[in-house]
Amino acid sequence: MSQCAVLILAAGLGTRMRSRLPKVLHTLAGRPLLAHVLATAKALNPSRIVVVVGYEADRVRAAFPDESVGWVVQEAQLGTGHAVRTALPALEGLNGQPLLILSGDVPLLEPRLLQQALEDHQQANRSLTVLTTTIEPPTGYGRLVRDGAGGVVAIIEERDADPTTRAITEINTGIYCVASDRLPDWLAAIRNDNAQQEYYLTDMVALAATEAARGGRPVGASHHLDRTAFMGINDRSQLAGMERIFRDRVVGDWMARGVTFVDPQSCWVAADAVIAQDTIIEPNVIIGPGVAIGADCHIGPFCEIRDSRLGPGVRIRAFCHLDGADLAGANDVGPYARLRPKAVLDQGAKVGNFCEVKKSRVGAGSKVNHLTYIGDAEIGSGVNVGAGTITCNYDGKHKHRTVLEDGVFIGSNTSLVAPVRVGAGAVVGAGSTVTKDVPPGALAVARGRQNTVENWAARKKK
Ligand code: UD1
Ligand code: CA
């Protein structure tokens, strides 16, 4: 296949979304719609990618700081034809390469479908190939009108169609391969005398068909059976429907690669998540963007995991919340634990029920098992943190660090007032409020002494 260029139309406000957010920034599987389309475009290895933005153009561009694409701004959204016309200067010098036109709101498209269409387009030496599919009911889509011999005649938008045309179920997917040298003439000829008073890109089809009838290059439609791939998103219920389709696909792929989902339909997995073999995922688990889960992990029900890395053999019990955490492997977490950004658990470290860990390392084999807050702390290996321990890391202005060296034992209900360091092997008695460093091997007890009065109860009664 020879090279092509790609143009993506993404300037529309997406009126039917009823949103202040540009439509192409709404997410599917945790990724903006436009990111899905860009990924498909890049898979074709095109000579260039041009994206037309308009509504909230800066915001859309800012969402893709690392993409090497040409951005074109369409100040007023006067229609898809006008959008392509605005992009013409950015499409100069294509030297006969075909141009592939995509929509920013058709995210499930697969590169192989586009490759196929490009090959058909070039083999038949066409000036224009429109990709179509059959949808019943075809509500909202432009209809493909063919002549008695099956030749392509025009695309008519639903709002401009008579009842006979409306009954056609072969629809325009909004995706085209075009001869870039013919495009400027067609665009110049497009008028906006239609129901929406817009410059419809679809009108180029009738123009190209007329040229073909007068001896020009042929026009064709490449009809595809997989209509899901071409589904566009215009409103939030279509977005939710697509989320379901995408989720089934992503989860299905991971199951095919050896991951167990006890109840696949109740789980949600981001497009970029990675899950290794023989991991078991129980019902109602959300695996968000930026997650990698190692082999033989077990994720209990009702957990939400985002932007986190789990090594092999990690057990996450029910109702845990992980965001920005790194777990080395063989860790046991929860139930009801919260691991916040920069929580790092070394090999075999345990964090139990009702514990919160933030910006802290918990060393190998250490245990933070009950009702505890660990913030801005460095905990060595083999440390035992008793129930109800709190690192008092915040003085109202600044955050301070707590260091618990290897083998430390912290008794229950201890407050560690940071900055503070407990040396290797030291013991802190239960109920202590530790405000000064504890040397290695020492015992620190910082609580009121117990005062016992014998026979006090009996005397009080008298
Ligand atoms: C369009 C097609 C329709 C097709 C459908 C497939 C036209 C006139 N109609 O209709 O035949 O069946 O897609 O999904 O093309 N856009 C711009 N600038 C504009 C207007 C739109 O960049 O001025 C962009 C939008 O952001 C969107 C794409 O073009 O990504 C399609 O526009 P949209 O308004 O969604 O067109 P449809 O009504 O879906
Ligand atoms: Ca659309």
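**Rings, charges and strands**

There are four aromatic pairs in this predicted model. Rings of Phe, Tyr and Trp (its six-membered ring) pair if their centres lie within 6.5 Å; planes under 30 degrees apart count as stacked, over 60 as edge-to-face and the rest as tilted. Take Phe-302 and Phe-319. Their ring centres are 5.1 Å apart and their planes lie at 5°, so this pair is stacked. Phe-302 sits in the loop between β18 (298-299) and β19 (304-306), and Phe-319 in the loop between β21 (315-316) and β22 (321-323), so the pair ties together parts 17 residues apart in sequence. Strands (E, at least two residues) are DSSP runs, numbered from the N terminus.

Buried means under 20% relative accessible area, exposed over 50%, and partly exposed in between (1.4 Å probe, protein chains only).

Phe-319 has another partner. Its ring centre lies 4.9 Å from that of Tyr-336, with the planes at 5°, so this pair is stacked too. Tyr-336 is in the loop between β24 (332-333) and β25 (338-339), 17 residues from Phe-319. Tyr-336 is partly exposed, at 40%. Ring pairs join Phe-302, Phe-319, Tyr-336 and Phe-354 into a cluster.

Charges meet rings as well. The charged end of Arg-85 sits over the ring of Tyr-199, 5.0 Å from its centre. Lys-399 places its charged end over the ring of Tyr-394, at 5.1 Å from the centre. The rule asks for NZ of Lys or CZ of Arg within 6 Å of the ring centre and within 35 degrees of the ring normal.

Now turn to the strands. Nine of them form an open sheet with parallel pairing, in the order β14-β17-β20-β23-β26-β29-β32-β35-β38. Two strands pair if DSSP finds at least two bridges between them. The edge strands, β14 (274-275) and β38 (420-422), each pair on one side only. Inside the order, two bridges join β29 (360-362) to β32 (377-379), and these strands run parallel. Arg-361 has Glu-378 in β32 as its bridge partner.

Residues are numbered from 1 along each chain as its sequence is written, and side-chain values use heavy atoms, without hydrogens and water. In this predicted model, local features need pLDDT of at least 70, and side-chain atom pairs count only at pLDDT 80 or more.

How values were computed
Chains are lettered from A and ligands numbered from 1 in the order in which they are written. Helices (H or I, at least four residues) and strands (E, at least two) are DSSP runs, numbered from the N terminus.
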